[in-house]
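Subject: Structure handover

Hello,

The structure we discussed is below, and my notes on it follow. Please read them alongside the coordinates.

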Amino acid sequence: MSAQPPRRGAHLSGIALQSRRGVAVDEDDAADLRFGAEFEESDDCKALMISEVKVLLELVEEKRRSEGMDAPTASSDIKQKTLDYCQRFSRFTKTETIKELRQLFPPDQFHQYETAQLANLGCETVEEAKSLIQSLNKKFDGLEDGRLQDMLDQMSNLRRF
């Protein structure tokens, strides 16, 4: 009985999977901050916080209204549902607060995915953040946990404003 190779698309952290043609394929893995070519090779593709998506959709809606485009379409229905979702789950409402949040987690210390996840999930403790965002386990050991907790506390304070 021969061992079956894992099927393509199966999640195995840090292991190259075999495609049908026998070529090794690296899987995307958030725990290792591997997200594929779209995110790694492009400055146009960023991980956004729900709050940032809300701001962008509101700007699009404002522009649409100012240009007198009132005819509903299927895409506008999808945009409205997405905006409704973002309005419900957005933790930060002011553009200034969102900018402060981005500065709180500097890009030389946090991957854009980590910053977006911390903001979207609203992590309040280091343990919660590390359990939900696996890549933080590799960055913060017991000595650095205090620094991460300070940042999470500052993020909670920003949410109150």
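To begin with the charged side chains: E61, R64 and R65 are linked in a network of salt bridges. A salt bridge here is a side-chain nitrogen of Lys or Arg within 4 Å of a carboxyl oxygen of Asp or Glu. The model is a predicted one: local features need pLDDT of at least 70, side-chain atom pairs count only at pLDDT 80 or more, and totals for chains, interfaces and linings use all residues. Residues are numbered from 1 along each chain as its sequence is written, and side-chain values use heavy atoms, with hydrogens and water left out.

Overall layout

The chain has 8 helices and 2 strands, in the order β-β-α-α-α-α-α-α-α-α along the sequence. Helices (H or I, at least four residues) and strands (E, at least two) are DSSP runs, numbered from the N terminus. Of the 161 residues, 32% count as buried. Buried means under 20% relative accessible area, exposed means over 50%, and partly exposed is in between (1.4 Å probe, protein chains only). The accessible surface of the chain comes to about 11,000 Å², and 52% of that surface belongs to carbon and sulfur atoms. Areas come from the Shrake-Rupley method with a 1.4 Å probe; for residues, only the protein chains shown count as cover. Among contacts (heavy atoms within 4.5 Å) between residues at least 6 apart in sequence, 58% join residues at least 24 apart.

Salt bridges

The search of the whole structure gives 9 salt bridges. Three of the pairs are described here.

An α-helix has 3.6 residues a turn, so residues three or four places apart point the same way. E61 is buried, with a relative accessible area of 15%, whereas R65 is exposed at 57%.

E58 and K54 form another pair, with the closest N and O atoms 3.4 Å apart. These residues are also 4 apart in helix α2, about one helical turn. E58 is partly exposed at 30% relative accessible area. K54 is buried at 10%.

What else does K54 touch, leaving aside its neighbours within four places in sequence? K54 is in contact with L83, C86, Q87, S90 and T93. K54 itself lies in helix α2, which covers residues 50–66.

E114 is buried, with 0% relative accessibility, and K139 is partly exposed at 32%.

Helix α5

How many of the 10 residues of α5 are buried? The count is 8, and α5 is mostly covered. The buried residues are Q112, Y113, E114, T115, A116, L118, A119 and N120. Their cover includes α2, α4 (95–104), α6 (126–132), α7 and α8 (145–159). After α5 comes G122, whose phi is positive, near 65°.

Nonpolar surface patch

L48, L56 and L59 form a nonpolar patch on the surface, with about 260 Å² of accessible area together. Patches are made of residues with over 30% relative accessible area and no salt bridge: like charges are joined within 9 Å, and nonpolar side chains (Val, Leu, Ile, Met, Phe, Trp, Tyr) within 5 Å. L56 is placed in helix α2 and counts as partly exposed, at 45% relative accessibility.

Cysteines

A disulfide is a covalent bond between the sulfur atoms of two cysteines. For the search, a disulfide is a pair of cysteine sulfur atoms within 2.5 Å, and by this rule the count comes to 0. C86 is buried, with a relative accessible area of 3%, and C123 is buried at 0%. C86 is also one of the residues in contact with K54.

Regards
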